[in-house]
Amino acid sequence: CKPGTYANKSDVSGMPACFECPRGFQCLGGATQPIACGAGLISPERGSSYCVECKPGSIAKTAGLSACEPCDQGDYQPNQGMAECRPCTEGTSSGRGATRCDWCDQDYFLPYNTSKCTPCAELLGVTCRWNSTTATLDVSRSYWRQSTLTARAYPCLERGTWTPCIGSSSEADEGCAESHSGPKCEICPTDQYLKYVDGHCHSCTKAWANFRRWWALGLALPTALWLVHITIGRHRNWLASRWIARSWLWLASTWRYIGM
């Protein structure tokens, strides 16, 4: 029999009958019976006269296999023709079929400009998923970070169950509640201001109107009392006095201006 086949029995003429070599085996020809491919080797096609090695990142655990299987997530194999995968070291991980451990395991992250995974427990206000980098860190609620270039997060303003920092794993402003932006999400849109009592943005128009009323009232009342005092000192009949009339007219106009 030629290579890739094997003799199983003889026909009626006494000549051997040749059969195709099965998958997972190699057949050298002649009267040699099929030989199972060893661990780390495979024979994917029928009629093969040789076995091939599994590529790096994959293995053949036992003999007689027709296909290699990739290493699992968290394992790797840099060499070819192997029967076992290697586990990644602590803090590191890999994708399926990896030849090395380039990723970080859960609760670890890869900082910028380094190749060493760092424990996430060292950071405040962030969590680390599998294969996390500085850019993909999850920022917890009530925390804010400047950008995806930094792993440092800062605690935000909290008022009861409300906080303007809703957390994210992307750009900093996307981690802010609606109408909030900037450092610690404390920047409000134009014509609004952050009220620290409740942590929300409020209209400046309403706030300025209230301030103007109280300011005008605080100025008007002492002034009116001072004018009355001066008038009484100068005139006995103060109800008929020109000073009193002017004082009350000024006070009335001020009162109308502040909307009281």
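Trainee: Leaving aside neighbours within four places in sequence, what is Phe109 in contact with?
Mentor: This is a predicted model. In it, Phe109 touches a run of residues that includes Lys116, Cys117, Thr118 and Pro119. Further contacts are Leu123, Cys128, Ser132, Thr133 and Thr134.

Trainee: Which residues make up the largest nonpolar core?
Mentor: Nonpolar side chains tend to be buried together in soluble globular proteins. Here the largest such core has eight residues. They are Phe109, Cys120, Val126, Cys128, Leu137, Val139, Ala151 and Ala153.

Trainee: How many residues are in the second, separate core?
Mentor: Its members include Trp144, Cys156, Cys165 and Cys176. The count for this second core is five.

Trainee: Is Trp144 buried or exposed?
Mentor: The cut-off for buried is under 20% relative accessible area. Trp144 has 10%, so Trp144 is buried.

Trainee: Which residue forms an aromatic pair with Trp144?
Mentor: The rings are tilted, with 40 degrees between the planes and 6.2 Å centre to centre. Trp144 lies in strand 18 and its partner in strand 19, so the pair ties together parts 10 residues apart in sequence.

Trainee: How many residues apart are Trp103 and Trp130?
Mentor: These two form an edge-to-face pair, 5.1 Å centre to centre with 80 degrees between the planes. Trp103 is in strand 12, and Trp130 is in the loop between strand 15 and strand 16. The pair links distant parts of the chain, and the separation is 27 residues.

Conventions: Residues are numbered from 1 along each chain as its sequence is written. This is a predicted model: local features need pLDDT of at least 70, side-chain atom pairs count only at pLDDT 80 or more; totals for chains, interfaces and linings use all residues. Side-chain values use heavy atoms; hydrogens and water are left out. A nonpolar core is a set of buried Ala, Val, Leu, Ile, Met, Phe, Trp, Tyr and Cys residues joined through side-chain atoms within 4.5 Å. Buried means under 20% relative accessible area, exposed over 50%, partly exposed in between (1.4 Å probe, protein chains only). Contact means heavy atoms within 4.5 Å. Rings of Phe, Tyr and Trp (its six-membered ring) pair if their centres lie within 6.5 Å; planes under 30 degrees apart count as stacked, over 60 as edge-to-face and the rest as tilted. Helices (H or I, at least four residues) and strands (E, at least two) are DSSP runs, numbered from the N terminus.
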